[in-house]
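User: Can you walk me through this one? I'd like to start with strand pairing.

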Amino acid sequence: MPAQISHAMLPLATHDEGARQKFVTAMREQLTLKMLPDTRALYEGIVKPKFAREHGRAPQDRAEVRRAMGREPPHQLWSSALRTTQEMLWDSVGETVARELPSLVERAKATLPRSGGSLRLDPTLEIPRYLLAQDNHVMPGNYFTDIRDDGDVYAGAMYDRGVFIFLKGDKGGLSDGFGVLVCRFITERFPEFSPKRILDLGCTVGNSTLPYVDQFPGAEVHAIDVGAPCLRYAHARAEALGKRVHFSQQNAESTDFPDGFFDLIVSHLVLHETSNKAVPRIMRECHRLLGHGGLTLHAETPPYAGVDPFDQYLCDWDTHYNLEPFIGRLHELDQRRMMIDAGFKAADCVAETIPTYRPTADVASETVRRSLDKYGSKRTIWGAFKR
Ligand SMILES: C[S@@+](CC[C@H](N)C(=O)[O-])C[C@H]1O[C@@H](n2cnc3c(N)ncnc32)[C@H](O)[C@@H]1O
């Protein structure tokens with residue numbers, strides 16, 4: 001795994017903590033990359049034929065695949081091990097963050113202000129029920145729990161280190177690969193588009209936000225999230241990295257920015273953590289916030305339509321076993337319909353599915369590459385121009 005890029009806010013692991021984090025990474029690689037072809041082979045070679053014998057047809061949807069796979073002991077073992085590594089991930093990062101927390105809080109204060117960014121928190125903001133109901137992807141305390149009352153950054157530090165390990169370093173040393181992907185998409189598809197004000201929804205620690213500062217140097221970049229400890233961390237992290245961003249604690253369903261304030265509104269892997277009622281509200285808010293000629297784009301794993309049931313099941317695994325209850329339903333939404341209902345014109349909708357996969361020495365095998373290429377490594381970037 002490549003090294004995470006160091007900055008003043010990154011929690012620093014001791015030798016033993018680092019060794020535990022490396023172990024978790026290696027175990028996750030084993031399960032999600034190297035053993036994935038075995039999981040598919042189990043389905044194709046045993047589970048699917050058995051299902052066909054019993055029902056006279058192949059499994060038709062992800063729920064049938066899940067129930068059939070769930071009866072197989074080797075798959076139960078794989079699934080249980082994957083969930084366990086998710087818990088181990090947060091345990092291994094958590095011990096570093098808990099030990100470093102007093103110093104991180106001080107470092108956050110010392111970092112400011114360096115690059116001219118800002119932070120606006122709203123202690124009265126109500127956390128949406130879809131986040132309150134569970135600790136998303138098993139992260140203790142989720143994105144918004146303050147465990148200290150003096151400028152807590154616990155959740156932010158947990159996410160910054162945790163997401164790097166979760167992504168196996170594959171999205172770059174600053175875990176900014178999804179922001180880079182959308183920036184590249186914009187400059188390649190719409191080279192004339194030059195936003196002056198940009199908003200990133202659900203920014204967490206600003207990892208996907210910072211590429212916009214580099215890509216559009218003249219623009220004013222804003223980023224919102226509901227989690228205060230993430231935003232404090234994001235602000236200090238951005239300042240430490242010399243990037244000017246204006247962070248504020250707001251719900252993307254209803255913000256306090258004026259009508260037509262932005263030219264570009266983006267989100268990266270956020271909508272699957274909201275609800276099916278919230279997503280249309282967020283699209284309506286994007287429509288309100290965009291000026292004439294503005295663009296909104298959202299990056300997520302592709303919708304399920306046309307995807308084979310086994311791949312759907314793999315993507316949907318987190319819905320059932322990793323405390324991501326809305327993944328499945330988000331992927332069934334009709335994105336184009338939702339944009340039109342939000343006020344955008346059909347002809348102005350944008351949707352493209354593109355690969356994010358970059359071969360590395362570890363995943364060089366053709367079998368592994370094929371199983372990754374099939375679904376898991378693709379992202380759909382969708383949204384619309386407001387005209
Ligand atoms: C998986 S993280 C996405 C992180 C980041 N965008 C990235 O690219 O890694 C989802 C983030 O969305 C935030 N979020 C969820 N619902 C939100 C809402 N309604 N308004 C603002 N932020 C929200 C969560 O607090 C969390 O920080």
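Predicted model: local features only at pLDDT ≥ 70, side-chain atom pairs only at ≥ 80, totals over all residues.

User: Which residue in S3 is the bridge partner of Arg-197?
Analyst: Glu-220 is the bridge partner of Arg-197.

User: What's the strand order in the open sheet?
Analyst: The order is S1-S4-S3-S2-S5-S6-S8-S7. That makes eight strands, with mixed pairing.

User: Which strands stand at the edges?
Analyst: Strand S1 (118-120) and strand S7 (349-355). Each has a single partner strand, so one side of each has no neighbour in the sheet. The twist from one strand to the next averages 15°.

User: What does helix H9 lie across?
Analyst: H9 (residues 228-240) lies across S1, S3 and strand S4 (246-249). The helix runs at about 170° to S4.

User: Switching to packing. How many residues are in the largest nonpolar core?
Analyst: It has 75 residues. Those touching the most other members include Val-153, Tyr-233 and Ile-265. Helix H6 (residues 154-166) gives the most to this core, with nine residues.

User: What does Ile-265 touch, leaving out residues up to four places away in sequence?
Analyst: Leu-199, Leu-201, Cys-286, Leu-289, Leu-290 and Thr-296. Another core, of 10 residues, lies apart from the largest one. Val-47 and Trp-317 are among its members.

Terms used
Residues numbered from 1 in each chain as written. Pairing = 2+ DSSP bridges. Helix = DSSP H or I, 4+ residues; strand = E, 2+ residues; numbered from the N terminus. Axes fitted to C-alpha atoms, helices over the stretch in contact; angles between N-to-C directions. Contact = placed C-beta atoms within 7 Å. Core = buried A, V, L, I, M, F, W, Y, C linked by C-beta atoms within 7 Å. Buried ≥ 20, exposed ≤ 12 C-beta atoms within 10 Å, placed from the backbone.
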